[in-house]
Amino acid sequence: MPSGGYLIIEPTEALVSVDVNSGRYTGKKDPEKTILRTNLEAAREVARQIRLRDIGGIIVCDFIDMETKANRDRVLQEMRTHLSRDRARTKAFAVSDLGLIEMTRQRVRQSHLQNMTEACPTCAGTGRVFTAETIIRRMERSVRRMIVEGKRDPLIVKLHPDVAMYVLEQEKDLVKKLEKAAGFGLEFRDDPLLRPDEFKLVVKSAGRDVTQQYAVA
């Protein structure tokens, strides 16, 4: 924005959050005036962005905190003025004491983000994946389940290269420990075709994938 501020727009399952940031400059002589100017610019830009992105449903805007009610009302009025140009039905509610403006916008169709993207196949859209250590522990539990069930076939353990590197650097004794407990050989291999949160257990003699058979939650 002209004042140096910027918006962070984050869609979630329940709503879309918009965070207003002032950037580097906050105005040493009259910070309230600078904050008001930034928030007014943000109000105009938020109205523009939700139209461009075709965002619908509940939208919560977190403006920079203002000390006076008069300034909060000015920002709300600026927001409503620019929202009135939107063809979709949009309603903005009063600014809360925390500087939040809640609004609703008619959901006519999917947003541009939904139309142009799909959920990540690795994290299923959560933005989080299991750590290498977690994957190793899950693999270890599966191998120990095989041991409990009396299986004695040598195994090939396939891991994503990053997870395999974790084993080499952080858990060098893991293979020996599992082989001693199992009574059969374990051959660790890296497989770049695997997802980072995935591993495979393959019976070496038959080449049979038994990962799901011995999976442990």
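In the predicted model, a salt bridge joins the side chains of K200 and E198, with an N to O distance of 3.7 Å. K200 forms a further salt bridge with D209, where the closest N and O atoms are 3.5 Å apart. E198 has a relative accessible area of 19% and is classed as buried, because the class requires a value under 20%. K200, at 26% relative accessibility, counts as partly exposed. D209 is likewise partly exposed, with a relative accessible area of 40%.

A separate pair is found in helix α2, which spans residues 69-83 and contains both D73 and K69. These two residues form a salt bridge in which the closest N and O atoms lie 2.9 Å apart. D73 and K69 are four residues apart, about one turn of the helix. With a relative accessible area of 53%, K69 is exposed, since exposed residues are those over 50%. D73, by contrast, counts as partly exposed at 35% relative accessibility.

Salt bridges also link residues into a network, whose members are R137, E140, R144, E171 and K177.

Notes: Residues are numbered from 1 along each chain as its sequence is written. This is a predicted model: local features need pLDDT of at least 70, side-chain atom pairs count only at pLDDT 80 or more; totals for chains, interfaces and linings use all residues. Side-chain values use heavy atoms; hydrogens and water are left out. A salt bridge is a side-chain nitrogen of Lys or Arg within 4 Å of a carboxyl oxygen of Asp or Glu. Helices (H or I, at least four residues) and strands (E, at least two) are DSSP runs, numbered from the N terminus. Buried means under 20% relative accessible area, exposed over 50%, partly exposed in between (1.4 Å probe, protein chains only).
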